Amino acid sequence: MTNIPRRRRRLLAALFLTLISRIAGAHEDHEAAERPTFVYDAPERVVVSRRVVDELSYDADVLTTPDGTTFTAWLQYTPHRGDAVHFGRLSTDGVAEQVIVQNAGGQYAHPTLTQSRDGTVWLSYEHEVDGQWDVFVCRRLADGRFDAPARISDASGSDVHHDVAAADTNLWFAWQTDRGGQFDIAVRGWSANSPGPITHVSRSPRGDWHPQITVAGDDDEHVNATVFVAWDRFDGTSYDVVLCTGEIGPGQEPQWTEPLAVTTSPSFAGHVQLATAAQGGSWIAWEAGAENWGQPYRAGRGRRELYLALDDARGPLHRHRHLRLAHVTVNGQISEVAAPLPQPSFDDALRRGGQGNSLPHGAFYERARLTVDAAGRPWIAYRHYYVPWMGIEPRHHVEEGWRLYARCLTGRTWSPLVGFDVGQGDGMQRLELAPMADGITAFWTSGRTDRRPSSAPRGIFAASVSEPITVPTSVAFSESRHLGPAVEVSVPPSLDLAIDGLHPYFGDLHRHTDLSLCFVPLDGTIDDAYRYASDVARLDFLGITDHTRDIQLGDALSLLWWRCCKEVGRYELADRFLPFFAFERSRGDTDHNVISLRPDVLRPHSYPLPEFWQELGDDTFTIPHQPFAGSVWEYQDDSHRPLLEVFQGFRDRSIETDAHDGLDRGYHFGFIASSDHLSTRASYAGVWADERSRESIFAAMKSRRTFAATDRIALAVRCGGSWMGERLSADTLPPLEIWANGTASIRTVEVIIDGNVDATLTPLNHHVDLSVPLSLMGQHYVYVRVTQSDGQQGWSSPIWIDLANPATAASVEMGSE
């Protein structure tokens, strides 16, 4: 070896290390292949379900009347037309006596069935009219038809995620309403003859989500009843469950209590469920997860770091979940059951000490549904899987679906675990229960249409579960406590920043959910993505970019894409949070994210990028996905590719060198930062626009008036009258104007010309306002990179300068606050 030249020895050593690494990796992959990917609890009994409506049906509810009749309502999707609201009776052959309640097409959501004490069946639903979502209700008539719908909500923004309970002949509604750019909880008592007022029962200046409502103690029309309302509330750090009650009587509007804190933990708590208890009061169930939900997290630079950089203080949105059940009285006393719901995979995950992580990552029991059968027993149904490799070893592009389970609390113990033979394919599919004399009937949506060929059935499924009624045994509870008031939440004052009439807005244009096959167990649902973006990250806009391959291979007329597009409008908060229509065109050689003002631009990924660009108008553009494939610079269309993802939180890296390659070739693009998978609050796409509207922000992005940042760092660069992203042609070069507002002290400001650092300034202030002279001639691109004392960074978009003669300016001027 001593006679081998040093350069060759280094090459041989590198090859040897690479070989050893590959052998070790192959050994790890072999060991991993022997471990199961998804693990499920073994049920003691499996119930065979049946598909009752076809594969274009979804979002079903179920109602069982006292005489044993089972009704269902669902949405039926028709390509080119949209949704229709259907109703029918469950029979041995499927659904009989079908009635099309609404058949005008368009967008509908969450059909819900309720029966008032006089036997009337009510159907409520959410419907989009002229860009606004509202809650409606209609009554089933004696001939089986439904009367004209009445509008329940009245806000000018989105009214969604409603729930209904019956009290005497009245209905009580709760829903999530856009009020002042955030979601609050609205409640309304309603009857056909006497619609009551709308009351906002939430008090938080942050977001309130997914309300549930039930009524206890209304068996006697002469005795007052109590309305329970519970929901998820973001407190500025995490989500907690809160509850309020109101006593109602004949002709009496309730006096609502202040919101009471059911949970007060730094861990995620949400997706609450209520069910009237036979002994009075209400059962309440919720799911609990990891701490610091949605707080700053970067996934990692290496393959293994994506999984090992998980603990209870940091990690992606979907790390683990388990379910809790309690009883709450009308006086606000809460008692958890002494026998918790058995969740063995959660316990197994906690016992993984010595394998890299002893936290319960990968164990999921969630989206519980709660009801009480005629015998007074609480039933809970939920979805579950366990991925024992999470936090230990890297696995991706794996998915085996959710399995569904149910059991009831029979006094001091739980009934044997029942599993359903057909599960669910994504986290937004609905599961609902209706009580029977000795059990439950369940309805749910099933199926998945990602890139893999699948023969698994899709559509709406139904099954019934019964459990023999034994001698009644009282439920044992743990120590009870009195619910205290939910702590008041404050919101930091927002900074009113403006330059030349333009304001900085922050968003994310590359974020995945569990619809993408890549990291199904970790990314979370569409609902997770929107509540993270609008509440936790306080983004102004978001583009969820699930893969075309996983949206029924890019079929713009598919049910899955229809569902995705509906959520864009449902989660919009007027003048505060603006989702875009978006997807990732996953083509290996030229992988691009697509951002649009239109819902009909989804296309297959199978044909070349230039052909796709030819199909686009001015209302759609693309952004190349980092890391770049080799063909990304073979095609140029500055109009349809105006931006570049210079930093990505998922891989925790910037690609300035790749950006320089494109800029050196004469391409014109602005800079943004994006999340991709897993990471949270680590990547911001900044834009300077004249107002917070979808059209204004879109136009500013097309104009490349953007910046990238790893925190909410506002950055603007101008030269004379030209903004970053523009081209400046002049004989005399004005100084470069640099303006930045940091989240910590700005340590360095670097001026980069043609890919090289030309000047470094050290302002050491949160806010800087610099005038930097340049001495240039010819054609150049110039951008600025700022670095804070805490390591967070920001990048301006380039300015392209075409200067005939050298020009100089006066000395550097610095302003600070």
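**Aromatic pairs and a buried helix**

Trp293 is buried in this predicted model, its relative accessible area being 2%, and Tyr239 is likewise buried, with a relative accessible area of 0%. The count of aromatic pairs in the model comes to 40. Tyr239 and Trp293 form one of these pairs, edge-to-face in arrangement, with 5.5 Å from centre to centre and 85° between the planes. Because Tyr239 belongs to strand β17 (residues 239-248) and Trp293 to the loop between β20 (282-291) and α2 (305-308), the pair ties together parts that are 54 residues apart in sequence.

Phe506 and Phe707 also form an edge-to-face aromatic pair, for which the centre-to-centre distance is 5.7 Å and the angle between the planes 85°. Phe506 is located in strand β32 (residues 503-511) and Phe707 in strand β41 (residues 706-709), so that this pair ties together parts lying 201 residues apart in sequence. Both phenylalanines, Phe506 and Phe707, are buried, and together with Tyr684, Trp688, Trp723 and Trp739 they form one aromatic cluster.

Charged side chains are also placed over aromatic rings: Arg383 lies over the face of Trp402, at 4.5 Å from the ring centre, and Arg585 lies over the face of Tyr607, at 4.8 Å from the ring centre.

Helix α5 (residues 526-536) is largely enclosed by the rest of the structure, because eleven of its eleven residues are buried; among them are the charged residues Asp527, Asp528, Arg531 and Asp535. At the start of α5, a side-chain oxygen of Thr525 comes to within 3.3 Å of the backbone nitrogen of Asp527, whereas just after the helix Arg538 adopts a positive phi of about 55°.

Conventions:
Residues numbered from 1 in each chain as written. Predicted model: local features only at pLDDT ≥ 70, side-chain atom pairs only at ≥ 80, totals over all residues. Heavy atoms only, no water. Buried < 20%, exposed > 50% of the residue type's maximum accessible area, 1.4 Å probe, protein only. Helix = DSSP H or I, 4+ residues; strand = E, 2+ residues; numbered from the N terminus. Polar contact = N/O pair within 3.5 Å; in protein donor to acceptor, adjacent residues only side chain to side chain. Phe/Tyr/Trp six-rings, centres within 6.5 Å; stacked < 30°, edge-to-face > 60°. Lys NZ or Arg CZ within 6 Å of the ring centre and 35° of its normal.
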